[in-house]
Amino acid sequence: MTVPQSGNSSDHQTSHLKSNTTTLHSCLQYLSDKATDEWREHNCPVDVKSLGKASWTLLHTTAAYYPDRPAPSQMDTMRTFINTFAENYPCWHCREDFQRSIKESPVRVGSRKKLSEWLCQRHNEVNVKLGKETFDCTKVFERWLDGPADGRCDAPKKKA
Ligand SMILES: Cc1cc2nc3c(=O)[nH]c(=O)nc-3n(C[C@H](O)[C@H](O)[C@H](O)COP(=O)(O)OP(=O)(O)OC[C@H]3O[C@@H](n4cnc5c(N)ncnc54)[C@H](O)[C@@H]3O)c2cc1C
């Protein structure tokens with residue numbers, strides 16, 4: 001907000017009013033844009049980014065809850081799940097690269113750790129392609145299973 005340096009008090013008031021009206025208008029516009037964004041988020045078809053974020057959440061969480069010692073049938077269904085996902089992922093250019101990646105590095109279904117690390121590496125390939133930072137794969141269970149040791153991700157305590 002600008003503070004007038006000269007003029008009479010009525011000029012000051014008019015200037016303040018104008019300035020306050022502009023600020024109020026900006027705030028209302030901000031709230032309206034925010035409401036629109038929120039509405040869009042819950043009601044519109046997804047774009048590549050939000051589809052990706054939701055898909056990685058599903059994939060990493062599925063891997064984090066995969067057994068340490070899977071039965072042969074669990075290994076089969078996981079292999080099928082990943083391969084079918086790669087064939088049907090609804091972003092065609094993402095799908096092509098992901099299919100190429102899992103052809104070069106087939107899915108490792110031998111244990112929770114192997115699957116989670118394998119997936120982390122696949123995700124890092126996409127991160128590199130998009131110019132993003134790579135993720136430290138030793139932290140994959142902290143991110144997707146346990147949360148940080150300091151409890152930041154624990155449910156907030158209810159007030160008495
Ligand atoms: C199979 C697949 C292929 C994709 N290919 C493309 C593509 O070719 N082009 C394109 O534009 N987008 C692609 N995407 C989408 C892209 O990867 C991102 O999901 C999107 O850009 C949104 O990014 P984000 O910054 O929200 O975080 P995301 O990359 O979606 O990551 C979500 C969260 O996962 C965690 N994370 C990040 N990296 C790792 C990792 N290596 N291991 C474990 N956890 C991690 C972080 O906490 C991060 O906040 C693809 C998505 C999928 C599932």
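Author: A residue is buried if 20 or more other C-beta atoms lie within 10 Å of its own. Keep that cut-off in mind; this is a predicted model.

Reader: How many residues are in the protein chain, and what percentage is buried?

Author: The chain has 160 residues, and buried ones make up 9% of them.

Reader: What secondary structure does the chain have?

Author: It has 6 helices and 0 strands. Along the sequence the pattern reads α-α-α-α-α-α.

Reader: What share of the contacts joins residues at least 24 apart?

Author: Take the contacts between residues at least 6 apart in sequence. Of these, 48% join residues at least 24 apart.

Reader: Which residues make up the largest nonpolar core?

Author: In soluble globular proteins, nonpolar side chains tend to be buried together. Here the largest nonpolar core holds 11 residues, among them Ile 82, Val 107, Trp 118 and Trp 144. Two or more residues each come from α3 (72-88), α5 and α6. The most come from α5, with 4 residues.

Reader: Which residues does Val 107 touch, leaving out those up to four places away in sequence?

Author: Val 107 touches Arg 79, Ile 82, Ile 102 and Trp 118.

Reader: Now the ligand. Which residues come nearest?

Author: There are 22 residues around the ligand; Gly 52, Cys 94, Cys 120, His 123 and Phe 135 come nearest. Elements giving two or more residues to this shell are α2 (48-64), α4 (92-104), α5 (112-129) and α6 (140-146). The largest share, 7 residues, comes from α2. Cys 120 is also one of the residues in the largest nonpolar core.

Reader: How do the shell residues divide by type?

Author: The shell has 10 nonpolar, 7 polar and 5 charged residues.

Note on methods:
Residues numbered from 1 in each chain as written. Predicted model: local features only at pLDDT ≥ 70, side-chain atom pairs only at ≥ 80, totals over all residues. Near = placed C-beta within 6 Å. Nonpolar A, V, L, I, M, F, W, Y, C, P; charged D, E, K, R; others polar. Buried ≥ 20, exposed ≤ 12 C-beta atoms within 10 Å, placed from the backbone. Contact = placed C-beta atoms within 7 Å. Core = buried A, V, L, I, M, F, W, Y, C linked by C-beta atoms within 7 Å.
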